[in-house]
Amino acid sequence: MFRLTMKRAGMLVACGVMAVAFAVALSGCGSEEEALPEENVKYEIALVTDDSLVMDGGHSETVWNAITEFGGTHGISHKYYKATEQTDAAFVDAIKAAINKGAKVVIVDNSAMANAVYKMQDVYPEIDFVLMDAAPYDAESGEELITKNTAAAAFDSAQAGYLAGYAAVIDGSTELGFIGQSETPDVKAFGLGYVKGAERAAGEIGTPVTMDYAYCEDSTDRQAVHKQALDMYDNGAQVIFTAGSGVQDAVIEAAEAKDAKVIGSGTDQSGKSDRVITSAIYDIRGALKEILGGYADGEFPGGKVIQYNARNEGIGLELKHNSLSNLTQDQYDAVYESLAKGEIQLDAENVDSVKDIITVNLTFK
């Protein structure tokens with residue numbers, strides 16, 4: 001089993017803080033505040049998320065753990081607020097609730113809330129907003145607007161996917177699968193990178209590979225996603241790279257049923273199953289540490305999208321908890337360095353369909 005010792009290999013190990021929301025929120029707040037009734041406590045940093053679970057072992061949990069770690073270290077009170085449903089009105093209400101409870105920084109961890117942030121950043125110019133992996137935009141006009149009180153963190157999904165595809169083939173798989181939650185820019189970028197990384201590895205080892213590539217028709221239908229993954233494994237896929245938090249659990253369950261392999265995305269999925277051989281991850285912890293550190297120092301990096309990629313070690317493979325057999329340190333470092341130097345160009349924005357790109361040593365089913 002491959003174990004990296006370098007900095008980026010362990011960059012997204014979740015902090016071990018697993019307290020309940022109220023106890024965590026009060027940590028480091030001071031004895032006077034601790035003595036107050038909960039309804040009178042003001043929380044300076046707020047996470048606003050959707051109506052799904054926060055401690056889900058995925059994106060939201062990673063964001064919350066990063067916030068609790070920062071808040072605990074700096075003695076800043078913090079709490080999370082969940083929307084009651086998946087609507088803009090509910091997202092706006094959750095943001096307002098956080099601000100009414102004293103939030104000076106509102107961290108939004110879901111790209112579905114980009115429209116809500118677009119509205120609220122103007123309504124509350126005195127509040128600092130942080131939007132993870134999206135930029136504020138108007139759903140009606142499509143206009144993107146980042147005001148001086150908003151910072152957006154953008155992660156290079158294509159580069160992360162590239163590492164996943166490369167590792168899958170080097171690990172010994174020649175029949176690959178990809179299941180994306182939907183054909184959104186982020187998911188498509190994961191897919192493009194996965195294809196191109198697999199293509200590179202196939203060239204290095206001199207063995208052609210095949211790719212079964214698909215998006216979900218309805219990612220909310222867990223059984224349908226599960227069946228889609230089962231069918232893909234039955235059709236020969238040795239490993240499936242799954243992109244999108246809404247589909248990962250169903251694909252992992254299918255991998256367990258078929259005793260097959262799966263690669264997660266966004267955050268470390270290894271805790272969910274030993275069928276997860278690695279995950280293509282974002283350095284959410286590092287990004288929030290940087291942005292919140294700027295806030296604490298009076299230098300909030302508002303008004304821009306901050307890019308996190310291989311150049312600043314903002315993406316990578318989860319290689320501390322992995323079951324890759326053949327990938328070496330030198331191989332990983334060489335590919336990572338090529339990405340960091342810009343020698344590998346992955347322009348997902350200008351690709352209409354991943355399955356239409358011209359590949360060498362890789363054939364789509």
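# Reading a predicted fold

Reader: How many helices and strands does the protein have?

Author: Helices (H or I, at least four residues) and strands (E, at least two) are DSSP runs, numbered from the N terminus. The protein has eleven helices and 13 strands.

Reader: In which sense do β6 and β7 pair?

Author: Two strands pair if DSSP finds at least two bridges between them. β6 and β7 (residues 209–215) have six bridges, in the parallel sense. Between these strands the chain passes through helix α7 (residues 185–205), and this β-α-β crossover is right-handed. The term has a viewing rule: with the strands pointing away from the viewer, the path from the first strand over the helix to the second runs clockwise.

Reader: Which residue in β8 is the bridge partner of Gly177?

Author: Ile240 is the partner of Gly177. β8 (residues 239–243) pairs with β6 over five bridges, again in the parallel sense.

Reader: How many residues of β6 are buried?

Author: Buried means under 20% relative accessible area, exposed over 50%, and partly exposed in between (1.4 Å probe, protein chains only). In β6 (residues 175–180), five of the six residues are buried. Across the protein, buried residues make up 55% of the 365 residues.

Reader: In what order do the strands of the open sheet stand?

Author: Six strands form this sheet, in the order β2-β1-β3-β4-β5-β11, and the pairing is parallel. β2 (78–82) and β11 (304–308) are at the edges with a single partner strand each, so one side of each is left without a neighbour in the sheet.

Reader: Which residues touch the most other members of the largest nonpolar core?

Author: A nonpolar core is a set of buried Ala, Val, Leu, Ile, Met, Phe, Trp, Tyr and Cys residues joined through side-chain atoms within 4.5 Å. The largest has 76 residues, and Ile107, Phe155, Phe178, Tyr194, Met211 and Leu288 touch the most other members. Helix α6 (residues 157–170) gives the most to this core, with ten residues. Another core, of 26 residues, lies apart from it; Tyr43, Ala83, Phe91 and Ile99 are among its members.

Reader: What does Ala94 touch?

Author: Ala94 lies in helix α4 (residues 88–100). Ala94 counts as buried, at 6% relative accessibility. Beyond its neighbours within four places in sequence, Ala94 is in contact with Val48, Tyr81, Lys82 and Ala83. Ala94 and Tyr81 are 13 residues apart in sequence, yet 6.1 Å apart in space, C-alpha to C-alpha.

Reader: Is Thr62 buried or exposed?

Author: At 14% relative accessibility, Thr62 is buried. Thr62 belongs to helix α3 (residues 59–74). Not counting residues up to four places away in sequence, Thr62 touches Thr267 and Ile284.

Reader: Which loop holds Asp133?

Author: Asp133 is in the loop between β4 (128–132) and β5 (150–155). Its phi is near 60 degrees, a positive value in a residue other than glycine. Asp133 is partly exposed, with a relative accessible area of 22%.

Reader: Where does Asp259 lie?

Author: Asp259 lies in the loop between α9 (245–258) and β9 (261–266). Phi of Asp259 is also positive, near 50 degrees. At 57% relative accessibility, Asp259 counts as exposed.

Key:
Residues numbered from 1 in each chain as written. Predicted model: local features only at pLDDT ≥ 70, side-chain atom pairs only at ≥ 80, totals over all residues. Heavy atoms only, no water. Contact = heavy atoms within 4.5 Å.
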